[in-house]
Every structure is written in C-alpha cells, then in structure tokens.
Amino acid sequence: MAQTQVNVPDLGGIDEVEVIEICVQPGDELNAEDALIVLESDKATMEVPAPFAGKVKEILVAVGDKVNSGSHVANMVGVGEESSSVEAVVEDTAKQETPAPVEQATQPKPAAATDNQEIDIVVPDLGGIDSVEIIELSVSVGDTLDAEDSLLVLESDKATMEVPAPQAGKLVSFSVQVGDKVSQGDVVGKLLVAASAPVATPVESKPEASSPASAPSAKPEPVKAASTQTVSAQAPTSSGKVHAGPAVRKLARELGVDLSQVTGTGPRSRIQKHDLHDFVKQRVNNPVASPLTVKGSDEDFSKYGAITEQGLNKIKQVTARNMVASWTTIPQVTQFDEADITDLEHYRKTAMGALLPEGVKVSPLAFIAKACTKALKAFPEFNSSLGPNADTLILKQYYNIGIAVDTPDGLLVPVLKGADQKGVVELASESAELAKKARDKKLPMDAMSGASFTISSLGGIGGTAFTPIVNAPQVAILGVSKASYKPVWNGESFEPRLMLPLSLSYDHRVIDGAQAARFTRYLCELLTDVRHLLL
Ligand code: CAO
C-alpha cells in the first residue's frame, strides 16, 4: 500500500480559499470522488474529492485554514495504487472538475456612453466544465442590483457557484430558468446599467466576443425542459442567501426541503448535512406547526382547454402539508392481508343486533378498532414514535385510535381516546358521534390530538386495497377496504367466506416487514374469531 498526498487542485486563479468543512476522518474508507474537504471562496463552494478508492490516512488541515492550488491537505492509502499515477489523477480531476473563480460575467470597460444601456449577463469561465445546471434564480426581473449581487446559482457534480451582477443596474430579463444547463459564454439575461457607469463595449457585451473561441453558442439551450418543473418545485425560492454545498443541495432536493427554511450552523451560516437532517426530524415530529413546502404546478393549463380555479380550504392545505411531510420523510411500506370476518358479520347482524338498544348501530369499524388496541398491546412498537433525534423509541402506554373521517371539507381525524378501556358498542357510538361532529364542523381541536395509531376505513365505499400514508409522528396506519365473499379452501372444498382486506402502512425505520406481517396476521385472527376480543 502506497501513501499518497492529496493536494488542492488548480483553483483557476483564486489565490486563497478557506476550508469550511472536513467531510471525513482518518480511517474512513472512501470511494473515488467522495468529498474529502470543502473549500469556499467569496463566490464558489467546491469539494476536494478522493482521487481514488482507499482509506484516509490523515487530514492535514482544519476548518478555517486557508489553502491554495497545490496545498497538501490529506494523505490517503489505496490498495495497489502507485503514488505517481495518483498525483496524475488529482491533476486531471482538477482540470476537469474544479470550477474557476466566478469572475465578472462581462468584462466592463469604461466607455463614453451617454444613455442607459442594456448589457448581456454571460456565464463566466467554468474552469473547464462543459455545462452546469441552473439551480436557483436569486433575483427577479425588475430588481435593482448592486455590482456583485448574486444573480443565479449554478451547480455541477462538485461545485456550486454564483453568477454575480457584473455591475450595478436593473435586471431586464432572464433568458434561462431553473433546470436549464448552461456553458461558459452563454447569455443568461440582460442588465440595464446607468450611463455614467462603466459599460461593456458593444463587442464585449456579445458573449461570442467576451468568451473564449471555444465557447458555445450565445443562446443557452434549455436542455432539461422535462425536469424543470420538478427542480423548480423543490429549489430554494429565496433571495439567493442560501449558503450550501452541492451535496447538501442534492440531498435537499431528494428530501423535498426548501433550503431557504433551513438554518445553517456552519461557518458563515453555511447549511450542512446535519442541519438538513435536524430540520427534517423537527418537521416530522411537528408537521402541522412547521410544514415542509408544498408546491403545485405552475403550468398554464388554459393553453389546452377551459379551466376553473378554486381556493383550497384550510383543512385541505393542512392535510397536503402533513402528507408531504410524511411521504418525503418516512420510508413507508404497506403490508396487505385479509381477515375472514364471516362469523363476526354473522354475529354483528344477528345476535348482537338483537341485544343493541334502539337506534344504536355497530359497524365492523368498532370491532376493528377494538382488535387494533389488542394488537398494539401485543406489538408495542406499532404504538410508538421516534424520539427527536430518531435514536430513541417512545413507547406509549395509552391506546388512542385516530379514525379518518371523510367530510365535505376534507379529511379529519378525530381520536377514540383510551380505546382499549372501551367496549365495542361504546367505540361504535363514540366514533359515530365524532364523525357527525366532524361533518358538522363541531369538532374541538383536542378531539383530534393525541392519537397513537390511526385507522382509515374505506370499507363503506368500496375498493379492494389502498396504501394509506402514515400519520406522523405515529409509525403505522391501518387501511380497511370493503369486505367481499371469496372462495376459500378449507382443506376439502372451497367455501364462501367474507374476507376483509387490510392494508397496514408502517414506518420502516421502526418496524420490520416480518413484524408488520405478524401484526396484520394477529389482527386477522382476532377478527376471525370475535371471542378473542373478550380476552
Ligand atoms: N366492508 C364491508 N362493509 C363495510 C365495511 C367494510 N370494511 N365497513 C363498513 N361497511 C358497511 C357498514 O356496515 C355500513 O353498512 P350497513 O349500514 O349496512 O351496516 C356501511 O358500510 C357504511 O358504513 P359507514 O362508512 O357509514 O360507517 P363506518 O363505521 O364503517 O365508517 C367512517 C365510519 C367515519 C370511518 C366513514 O364514514 C368514513 O368517513 N370513511 C372514510 C375515511 C376516509 O376518507 N379515509 C381515507 C383517508 S386517506 O388515507
């Protein structure tokens, strides 16, 4: 094994940059291209990648140190790698992937202009990178800008860089949008600059003239039209103050997090990965109070035909936020099973009916809620929540069952509190009362809080199965579909049995697939023989 120096690649003319993050520690095993350290200048953030797969021997710099092109920052060992060949890899990487400092987008020259003048905003030298993606437009058309204000943010695999205003002026137009790919020399917009200010000469304001001969055409081609919407739906929407490296921005896009809402704890408020994780955890544990961003489509559908637009009420907006928070932060899986409720239904419709007081109706839901409390006692993880840092499990000793109720205004989830202490008839009349209050808009807030598990029953409507979304911070939700008669083999012949489809969605961070299968099986057994519910 040869120990190899890892040096800072060519910084494309920047004298000195600051080490703002050490991503690894001695002993870490890395893949080629994994980030070792992150450097930052005024205008660009860049990673120094591992030149080969291997082990970190030592890191020779600390956060806050200033380094230059060629500075020796780490030593690595790689199995079977020769020292000399690795140096070459480092240099190659530098040539191909290191962004040059973002210089002024046009090279202004004093000119004897007498009128205000529009100048092109041009993508500066990208240090050899062919094309980069626009991940943020930091200002709006019409904004008045100072020289050096950030106009847009570009991102490659290894670096995030800002394109600054070449001089003070008013933004006339952008000719690109988030998601477009641009290259050095591309014109991305126009800036109206004051007559007294130094302006780009007509020749230099043209990208062809202000760019190297190899620069591509002046018109940026929107090469990612199809993905534009996705990116813009998730990219930061703020004023360009978001301070984060490429890896963090990528993670934020994957999680659907708007970085402008995240507080950075790194140097100069830079957002680090753990800031993003903390933000998501907080949102999961308190989804209503601090929702993730919910974005729809900005497409103009009236191009295709007549449309009407209507406002969404508060219930639907809150539901949307909670669904997005749950869907984007919880790895959820759905387990399906079927309970044979032939005997239960026979009992419910005959013997039980005769015993019930006048006007009292007991649907299968009350039995299902009762059976759930028993299953939750037998499988306590299903009645839990993850602690704030997702490193503890909070097991609840109460059994409060949320019941999803479909109302004209949207979905509400009142709670059957202490459901384990109540009989089936009491659960039936209480859920009927809660559902009525929900539909009459008379449900107090505290009737909807404190659920430890949720049931969503579409059995009265129809359908064979569905995948409910976990109602965070709970870890599981039971979906119930419509029971129907099916031929079931009894060992000798097929007989018609009333089968109830169950769909259990669960948080896979807390619950394993095998546990989920055991839970639903147990639930099915409880419902198959109603006498179990008495135990
Ligand atoms: N299979 C077959 N029949 C069923 C059934 C099932 N799983 N569940 C209920 N039924 C029957 C009932 O027995 C009743 O029939 P009868 O009047 O002949 O007895 C009929 O369907 C209507 O039941 P219901 O829906 O009024 O009552 P419920 O107790 O089953 O449900 C409530 C109450 C509030 C859960 C329900 O009205 C509701 O709002 N469901 C929608 C929940 C929802 O929107 N979930 C989706 C959320 S997104 O994940």
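This is a predicted model: local features need pLDDT of at least 70, side-chain atom pairs count only at pLDDT 80 or more; totals for chains, interfaces and linings use all residues.

Reader: Good to know. Which residues come nearest to the ligand?

Author: Lys 361, Ser 363, Arg 439, Ser 456 and Ala 483 come nearest, out of 22 residues around the ligand.

Reader: And how do the residues of that shell divide into nonpolar, polar and charged?

Author: The shell has 11 nonpolar, six polar and five charged residues.

Reader: What does the side chain of Ser 456 do with the ligand?

Author: An N or O atom in the Ser 456 side chain is 2.8 Å from a nitrogen atom of the ligand. There are also polar atoms by ligand oxygens: a backbone atom of Asp 406 is 3.0 Å from one oxygen atom, and a side-chain atom of Arg 348 lies 3.5 Å from an oxygen atom of the ligand.

Reader: How much of the ligand's accessible area does the protein cover?

Author: On its own the ligand has 960 Å² of accessible area, and the protein covers 70% of that.

Reader: Which elements give two or more residues to the shell?

Author: Two helices and two strands do: α10 (364-378) and α11 (424-439), along with β21 (405-407) and β24 (453-457).

Reader: Where is the cis peptide bond?

Author: Between Ala 472 and Pro 473, with omega at about 5°. Pro 473 is found in the loop between β24 and β25.

Reader: Nice. Switching to salt bridges: how many are there?

Author: The count comes to 15 salt bridges. One of them pairs Asp 120 with Lys 190, where the closest N and O atoms are 2.4 Å apart. That pair links distant parts of the chain, with Asp 120 in strand β9 (residues 117-122) and Lys 190 in strand β16 (residues 187-193), 70 residues apart.

Reader: Why does Asp 120 count as buried?

Author: Because its relative accessible area is 10%, and buried means under 20%. Lys 190 has 30% relative accessibility, so that residue counts as partly exposed.

Reader: What about Glu 430 and Lys 422, buried or exposed?

Author: Both are buried. They form a salt bridge with the closest N and O atoms 2.9 Å apart.

Reader: And what do Arg 531 and Asp 529 do?

Author: Their side chains meet in a salt bridge at 2.8 Å, N to O. Arg 531 is exposed, with a relative accessible area of 58%, while Asp 529 counts as partly exposed at 22%.

Reader: Which residues are linked in a network?

Author: Asp 340, Asp 343, Glu 495 and Arg 497 are linked in a network of salt bridges.

Reader: Over to the surface, then. Which residues form a nonpolar patch?

Author: Phe 301, Tyr 304 and Ile 307 do, with about 340 Å² of accessible area together. Tyr 304 sits in the loop between α6 (273-285) and α7 (314-329), and at 57% relative accessibility Tyr 304 counts as exposed.

Reader: Last one from me: what is phi in Glu 33 and Ala 390?

Author: Phi of Glu 33 is near 85°, and Ala 390 has a positive phi of about 55° although it is not a glycine. Glu 33 is in the loop between β3 (29-30) and β4 (35-40), whereas Ala 390 lies in the loop between β18 (384-386) and β19 (393-395). Glu 33 is partly exposed at 30% relative accessibility, and Ala 390 is partly exposed at 36%.

Terms used: Residues are numbered from 1 along each chain as its sequence is written. Side-chain values use heavy atoms; hydrogens and water are left out. A residue is near a molecule or strand if one of its heavy atoms lies within 4 Å of it. A polar contact is a pair of N or O atoms within 3.5 Å; within protein, one must be able to donate a hydrogen and the other to accept it, and residues adjacent in sequence count only if both atoms are side-chain atoms. Accessible areas come from the Shrake-Rupley method with a 1.4 Å probe; for residues, only the protein chains shown count as cover. Helices (H or I, at least four residues) and strands (E, at least two) are DSSP runs, numbered from the N terminus. Ala, Val, Leu, Ile, Met, Phe, Trp, Tyr, Cys and Pro count as nonpolar, Asp, Glu, Lys and Arg as charged, and the others, Gly among them, as polar. Patches are made of residues with over 30% relative accessible area and no salt bridge: like charges are joined within 9 Å, nonpolar side chains (Val, Leu, Ile, Met, Phe, Trp, Tyr) within 5 Å. A salt bridge is a side-chain nitrogen of Lys or Arg within 4 Å of a carboxyl oxygen of Asp or Glu. Buried means under 20% relative accessible area, exposed over 50%, partly exposed in between (1.4 Å probe, protein chains only).
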